[in-house]
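Please consider the following remarks alongside the sequence and the model.

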Amino acid sequence: MKTLKHFLIYGIIGLVLEVIYTGLASLLKGDYSMHGFTFLVMLPIYGLAVFLEPLQAKIYDLPWWSRGAIYLTMIWSIEYTSGLILGIILGSCPWHYTDPLNINGLITLKMAPEWFLAGLGFEHLHNFLDKMPI
């Protein structure tokens with residue numbers, strides 16, 4: 001039951017952060033209404049962060065930059081695989097990167113700093129959730 005609760009919490013937090021991130025990105029492009037967006041199908045994808053919990057226990061003694069690189073790799077793996085699966089099920093992936101650093105439109109190397117930091121932030125969120133009586 002704890003795993004399911006963490007799955008839902010990660011999914012909801014992921015959706016909220018994506019709306020904030022895309023809203024800020026639209027502001028930087030001159031859209032002062034700061035329209036942010038996400039896709040409902042992202043809730044379970046962000047929820048997959050629950051599978052990073054056992055990994056965190058194994059890599060916690062590594063330097064922060066090593067842990068961040070490992071999380072980045074895992075997040076890209078989840079994003080790429082999820083995009084492939086959604087493409088098969090839905091006929092297209094809800095996101096499609098078009099910048100020169102994209103890989104098959106499913107991931108982009110430009111997002112490395114964001115996913116690196118998200119992975120390290122996940123550690124703090126996971127530690128917080130483990131202390132909560134949920």
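1. The crossing of H1 and H5 is right-handed, a crossing being right-handed if the near helix is turned clockwise from the far one by less than a right angle and left-handed if anticlockwise. Helices here are DSSP runs (H or I, at least four residues), numbered from the N terminus. The model is a predicted one, in which local features need pLDDT of at least 70 and side-chain atom pairs count only at pLDDT 80 or more, whereas totals for chains, interfaces and linings use all residues. Residues are numbered from 1 along each chain as its sequence is written, and side-chain values use heavy atoms, with hydrogens and water left out.

2. The axes of H1 and H5 come within 12 Å and cross at roughly 140 degrees; axes are lines fitted to C-alpha atoms over the stretch in contact, and angles run from 0 to 180 degrees between N-to-C directions. H1 is therefore oblique to H5, since angles under 35 degrees count as roughly parallel, over 145 as roughly antiparallel, 65 to 115 as roughly perpendicular and the rest as oblique.

3. On the H1 side, the contact (heavy atoms within 4.5 Å) includes Tyr10, Ile13 and Tyr21. H5 contributes Phe122, Leu125 and Leu129, among others. This contact of H1 with H5 has seven nonpolar, two polar and three charged residues; Ala, Val, Leu, Ile, Met, Phe, Trp, Tyr, Cys and Pro count as nonpolar, Asp, Glu, Lys and Arg as charged, and the others, Gly among them, as polar.

4. How do H4 and H5 cross? Their axes come within 8 Å, at roughly 110 degrees, so H4 is roughly perpendicular to H5. Trp65, Leu72 and Trp76 of H4 are among the residues in contact, as are Trp115 and Phe116 of H5. Twelve nonpolar, two polar and three charged residues make up the contact of H4 with H5.

5. The lining of the largest pocket receives at least two residues from each of H1 (2–28), H2 (42–47), H4 (64–90) and H5 (112–131). H1 gives the most, with eleven residues. By class, the lining has 26 nonpolar, eight polar and six charged residues.
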